[in-house]
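Subject: Structure handover

Hello,

Here is the structure we spoke about, with my notes below it. Please read them with the model open.

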Amino acid sequence: MDQITSILRTIEDTEVPHIFTHHITTSIHKAALERGLPGYKHFDQRAMILARPDDIVCIAGHIDQRYVHYLSSLGLGPKGDRIIELDAESGDDPDKTLASMLLSSPKLLRTIRELIPDRNRVVLNPYLASSAEFDLGAALEDVLGKQVLVLGGNADIVARANLKHLTHAKARDLAIPMAPGEIVELNEHSDSGPLDVTPLLKAIARYVSHTGRVIVRGTHGVGGSGTFIAEGPSEDIARKLKTFVAQQIHHIYLVQVMFDIVTTPNVQMFVEPDTGAIWCVGATDQRVDKNFEHKGNVYPSNAKTLADMICSARKLTCWLQTGGFTGLAGFDFVEYVHPETGEHEHIFVEMNARVNGATYPVFLTERLNALQAGCSSPLIKAFLSAKTTTKATTFSELQDMHSRFFFDPCTGRGIIPYNTGRLANGMCDLVFLGSSRQDVEDMYQRFSGAHTKPEIS
C-alpha cells in the first residue's frame, strides 16, 4: 500500500509564495451552483486556512476581519495585507470568475506585485485550473517579471478528467473496479422541449434488479449535485426522473447499480510539478446523505479496502500525470459488502481533478498538529467536517455565540469554523477536532443537537 504522506509538502517550500484563487465558478455551471450550493460565490474564503502568513488569498467580496484575527491567533492564515478583496460580483455573467475579475484590474495585479518578494518562482494555487487561471498566470508573469506556475498543469486534461463519463471509460480501460452500468446520452429536441428520458428509464430497468436501487449521475457535478437515486415503483421513478432531468444542465449520464454502502472514502493524490512524483496525501470517509450529497468528511477512515482504493487512485493519477496534470486530485470510492461472498470490496465512483472538499480539513489538521508539536501540546488524532446552518450571519456573531466550543490548543480539541463567507446565507462549515473518531462524532452530535441543524440542500 502507498504510504499516506503529509499534505503540507504540497505547499511547504518557504521560498515559493502561493497566490490562492479558490473561487469555484469555473468548476460547474452557475445555475447548478446557485441551486445546490447557496453562498458559493464566497467559497473562496476556504483558502484562508491553507495560506501561510506570506501567501496571498484573493476573494470575491469582503472578509470579516475578526475571522482574520482569529486565525492569526492560532498561527493560521495570511497576513491581513495579503488578502486581496474584489468588489466585483459575478452578476448575471456565468463566465465572470475570480480570475477574470483579477485580469480586468491592473491595479490589483500591481498590488500583488508589491506583495511578492524577489524570489525565483510564484505558484498560482486555484480551486480548479481552467483556461482562465492560465490566462491569469500569464498576466501575473508579465506583471511580476518571473515564472508563475499554475497548479493543475494542463487545462485540457483537467476539463476532461472532471467529466464523469470520460473518467468512467478510462477507469474501465485500467480495469479499476466499478459498479455495473453504462453511459446514456439524451438527445435535445429542436423545439427546446423537455428531454425524452426514455433511454435513462430503459437503462435503469436493466440494472435495478441487482440491488433494487440505481444511481444516476450527470457528467458534471460537485458535492453530489446532479445525482438521482432510482428506487421504488417504476411510475414514481419516471415522474421523479423527469423532474430531475429538467433541472440539469447536462445531457450525459452515468447509470450504475447502487450497492448498500459501508463507507464512501475520498483519496487525495498530489502530482509534484517539477518531478512528476505522485503522492497520496489524504484519505477520509465522506459523510453523505440519502441522496449521496456530500455533507463533510471524517478522519481516520474506517475502510477495510483502503489500500486497494489508493492503488486504484494511483492508476488514475498516473493517467493524469502523463497528460500534464499537476497538483491535487481527489478520488471517490464506495466500500460495500459483496452480496454473494460477504467480503468487503471497493468500487470507483468519480474523480475530481482539483482541490477537494476534504483538502481543507486535512490541511488544517496537519498544520495545527505541526504547531501543536512545536509547543509540546496534545496532537489532533481525528476530525469531522460538517456543513451546518446557524443563526449567526457573521463570524463575529458566531464567535460571540459559540466561542466556548472553539478549538483549544491546550487540549487539542474543539471546533474551528471555515468557509465563513457562507454566514451571510446562515451557513458555515465547521471542523471538529479531537482525540479519536468517536470523540469528534460525539462532539458533532452534541453541538448540532444544541446549536445547529444539518444543512438542507
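F405 is partly exposed, because its relative accessibility is 29%; the cut-offs are under 20% relative accessible area for buried, over 50% for exposed and partly exposed in between, with a 1.4 Å probe and protein chains only. F447 has 6% and counts as buried.

Before the rest, the ground rules. This is a predicted model, in which local features need pLDDT of at least 70 and side-chain atom pairs count only at pLDDT 80 or more, while totals for chains, interfaces and linings use all residues. Residues are numbered from 1 along each chain as its sequence is written, and side-chain values use heavy atoms, leaving out hydrogens and water.

Aromatic pairs

Rings of Phe, Tyr and Trp (its six-membered ring) pair if their centres lie within 6.5 Å; planes under 30 degrees apart are stacked, over 60 edge-to-face, and the rest tilted. The count by this rule is 15 aromatic pairs. One of them is F259 with Y336, stacked at 4.2 Å centre to centre with 15° between the planes. F259 is in the loop between strand 9 and strand 10 (261–263) and Y336 is in strand 14 (residues 327–337), so this pair ties together parts 77 residues apart in sequence. Helices (H or I, at least four residues) and strands (E, at least two) are DSSP runs numbered from the N terminus. Both F259 and Y336 are buried.

F405 and F447 also pair, edge-to-face, at 5.5 Å centre to centre and 85° between the planes. F405 sits in the loop between helix 12 (395–402) and strand 17 (414–418), and F447 in helix 13 (residues 437–451), so the pair links parts 42 residues apart in sequence. Y67, Y70, F395 and F406 form one aromatic cluster.

Charges over rings

The rule here is NZ of Lys or CZ of Arg within 6 Å of the ring centre and within 35 degrees of the ring normal. R9 lies over the face of W279, 3.6 Å from the ring centre, and R287 over the face of Y444, at 4.7 Å.

T10

T10 is in the segment before strand 1 (18–21). T10 counts as buried because its relative accessible area is 13%. Leaving aside residues up to four places away in sequence, T10 touches H18, F270, V281 and F363, where contact means heavy atoms within 4.5 Å.

Helix 7

In helix 7 (residues 164–173), the buried residues include K164, H165 and T167. The buried residues of this helix pack against several elements, among them helix 6 (155–161) and strand 15 (344–352). A175, which follows helix 7, has a positive phi, near 60°.

Regards
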